[in-house]
Amino acid sequence: MERSPCTIYTGEGRKMSRLTYKEVIEVSVEDLDLCFTGSRDGITQHQDNVLRYFIRSRPARVRHGDCKGADTRFHQLCLAFGYDETNLDIHPGPSLKWRAFNNGGTLHKVRPNMIRNRLMVMLSEVVVACPKTSRMDKRSGTWRTIAYAQSRAILTYIIFPSGKVEVRK
């Protein structure tokens, strides 16, 4: 898997390079505070495969919104790769229906989803997003989080359902 080629695109859709995931991601997120956002419907196998490289790169601290679906899968992968639970920040939203109740080092207070997502971005140096769709959807919390990160000039990796990775800032 570490030798799998990955085409990285800029926000304008131009190809940047054809490198391995490891070459691109390890240089980019190691020792940074990382915010993860994704769909409550979960992630594709392609997104899962790419997400593993981000976790293996050992970001200093990771945070997510504690929803069922993508957030829970991200949390499981962090633990599976030996990530210290004390460096996992949990930022729950108000809906008990979608809350996963994952354990982490810091459990932040419950906030409305949009405020919670913005706080997670502001506390992070890099955002990793796994949207459900390949196109912007204004109703999607994941896409709104991506847009907010861009408005704050936060480095953002979008892992599309196909596994394609786009880097935006």
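Predicted model: local features only at pLDDT ≥ 70, side-chain atom pairs only at ≥ 80, totals over all residues.
Me: Is S39 buried or exposed?

Reply: Buried means under 20% relative accessible area and exposed over 50%, with partly exposed in between (1.4 Å probe, protein chains only). The relative accessibility of S39 is 8%, so S39 counts as buried.

Me: What is the relative accessible area of T37, and with which residues is T37 in contact beyond four places in sequence?

Reply: T37 belongs to strand β3. Its relative accessible area is 5%, so T37 is buried. Once neighbours within four places in sequence are set aside, T37 touches D71, V127, V128, A129, C130, T142 and T145.

Me: Why is strand β7 described as largely enclosed by the rest of the structure?

Reply: One side of β7 presents V126, V128 and C130, the other V127 and A129, and all of these residues are buried, which leaves both faces covered. Strand β7 (residues 126-130) is therefore largely enclosed by the rest of the structure, its buried residues being five of the five.

Me: Over how many bridges do β3 and β7 pair?

Reply: Two strands pair if DSSP finds at least two bridges between them. In this pairing, F36 has V128 of β7 as its bridge partner. Strand β3 (residues 33-38) runs parallel to β7, and the number of bridges is five.

Me: How many bridges join β7 to β8?

Reply: Two residue pairs can be named here: V126 stands opposite L155 in β8, and V128 has Y157 of β8 as its bridge partner. Strand β8 (residues 155-159) is parallel to β7, and the bridges that join them number four.

Me: In which sense do β8 and β9 pair?

Reply: Strand β8 is mostly covered, with four of its five residues buried. Y157 has V167 as its bridge partner in β9. Four bridges link β8 to strand β9 (residues 165-168), and the sense of the pairing is antiparallel.

Me: Which residue in the hairpin of β8 and β9 takes a positive phi near 100°?

Reply: The hairpin has five residues between the strands. The residue that takes a positive phi near 100° in this hairpin is G163.

Me: Against which elements do the buried residues of α4 pack?

Reply: The buried residues of α4 include R116 and N117 as well as L119, M120 and V121. The elements against which the buried residues of α4 pack are β3, β4 (61-64), β7 and α5.

Me: In what order do the elements of the protein run from the N terminus on?

Reply: The protein contains five helices and nine strands. From the N terminus on, their order is β-β-α-β-α-β-α-β-β-α-β-α-β-β.

Me: What share of the contacts in the protein with a separation of 6 or more comes from residues 24 or more positions apart?

Reply: Of the 169 residues in the protein, 48% are buried. Among contacts with a separation of 6 or more, the share from residues 24 or more positions apart is 63%.

Note on methods
Residues numbered from 1 in each chain as written. Heavy atoms only, no water. Contact = heavy atoms within 4.5 Å.
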